[in-house]
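Visitor: Please show me the structure. I would like to go through the core first, then the backbone.

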Amino acid sequence: MMINLSKIRLTPFVLAVITLFAAACQDREQADITPPEIEEIAIDGIAVTAIQVEQGSTLNLTVHARDNEALEKVTVTLMENTNSPTPPTGIYAFNQSQTTGSDHAALQFELTIPESIAAQMIAKIVAVDANGYTDQLEIPMIIINSQAPTIAGSSNPAEDANGEIHINAGQNLLMSGEANDADGLQSLSVMLWDANDQPLATTPIAITATPMAFSDASFDQAVSGRYRVVIEAVDNSGHRSYWGRIVIVD
Ligand SMILES: [Ca+2]
Ligand SMILES: [Ca+2]
C-alpha cells in the first residue's frame with residue numbers, strides 16, 4: 001500500500017509527538033555523563049590502599065570497577081615514585097589494559113616482580129567508560145627486597161618539606177650517606193640525573209668497609225631546571241637499591 005505523504009497533515013498533535021520523540025533521542029545521546037568508579041583494588045581477595053610485595057613474587061591484582069552504563073577498559077600502569085628513581089628493569093614498563101563491555105567488572109592483572117630490585121613505585125589504575133569518562137587511583141607500591149642493600153642519604157642544603165632539594169645555579173650540592181649489606185657491597189655511586197633520568201655526572205665511592213659511609217660527593221649545575229640526585233648500591237649478589245631526591249636548580 002502506498003502512503004501519500006501529502007495527506008499527512010502536521011496537526012498540533014503530530015508536531016507534539018515529533019518534538020517529544022526528538023527530545024527523547026537527544027536525552028538518550030547525552031544521558032551518560034557519569035564517570036566510572038574504581039571501587040576496590042584487591043590482592044588475593046583482600047582490599048588494599050597500598051601494595052607491598054616481595055622481590056621474585058607474582059602479584060595478582062584485582063581491580064573492581066563499575067559504570068552507570070558500560071566500562072570500556074581498565075588500565076594498570078607502574079610509575080616512578082618521584083623520590084625513588086626507576087631502576088633499569090622491565091617491570092617499570094608494566095602497562096596493561098583489559099577491555100570489558102559490562103557495567104561492572106573484576107579484572108585480574110598479573111605482575112611478575114624481578115628478583116634483584118628493591119623499589120618504591122606508584123601503581124596507577126584508570127577506568128574508562130564507553131564515553132571516555134575516567135576515574136583514576138594512584139596507590140603506593142613497595143617492592144620489599146630483604147637481600148638488597150640499605151641506603152641512607154642526606155644533602156646540604158637539606159631537602160624541603162616536599163622532599164625536594166633547591167639549589168641556585170652554580171651552587172654546590174654536597175651529598176653524604178651510607179650503604180650496607182650483609183652480603184657485602186659490590187659498588188656504591190652517587191649520581192646527578194637530568195630531567196629525563198639520564199646520568200649527567202657520577203661519583204663512584206670506593207668500597208673500603210661495610211657499612212660504607214661517604215660525605216664528599218658534590219655536584220653543581222649552571223642550568224636551571226629539574227634534576228635528581230641518586231645513590232645506587234649493589235651487593236655482591238647483584239641486588240640493587242636506589243635512593244633519590246628531586247633537585248630543583250632555581
Ligand atoms: Ca558512565
Ligand atoms: Ca644482600
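**Cores and backbone**

Guide: In this predicted model, the largest nonpolar core has 23 residues. Those with the most contacts inside it are L173, L192, V229, V230, I231 and V247.

Visitor: Which elements give two or more residues to this core?

Guide: Start with the make-up of the chain: one helix and 17 strands. The elements giving two or more residues to the core are β11 (164-167), β12 (173-180), β13 (185-193), β15 (212-219), β16 (225-235) and β17 (240-249).

Visitor: Where in the chain is P157, and what kind of peptide bond joins it to N156?

Guide: P157 sits in the loop between β10 (150-156) and β11. Omega of the N156–P157 bond is about 5°. That bond is cis.

Visitor: Which loop holds P211?

Guide: The peptide bond from T210 to P211 is cis, with omega near 0°. P211 lies in the loop between β14 (199-205) and β15.

Visitor: Which loop holds D197?

Guide: D197 is not a glycine either, yet its phi is positive, about 60°. D197 is partly exposed, with 15 other C-beta atoms within 10 Å. The loop is the one between β13 and β14.

Conventions. Residues are numbered from 1 along each chain as its sequence is written. Chains are lettered from A and ligands numbered from 1 in the order in which they are written. This is a predicted model: local features need pLDDT of at least 70, side-chain atom pairs count only at pLDDT 80 or more; totals for chains, interfaces and linings use all residues. A nonpolar core is a set of buried Ala, Val, Leu, Ile, Met, Phe, Trp, Tyr and Cys residues joined through C-beta atoms within 7 Å. A residue is buried if 20 or more other C-beta atoms lie within 10 Å of its own, exposed if 12 or fewer, and partly exposed in between; C-beta atoms are placed from the backbone. Helices (H or I, at least four residues) and strands (E, at least two) are DSSP runs, numbered from the N terminus.
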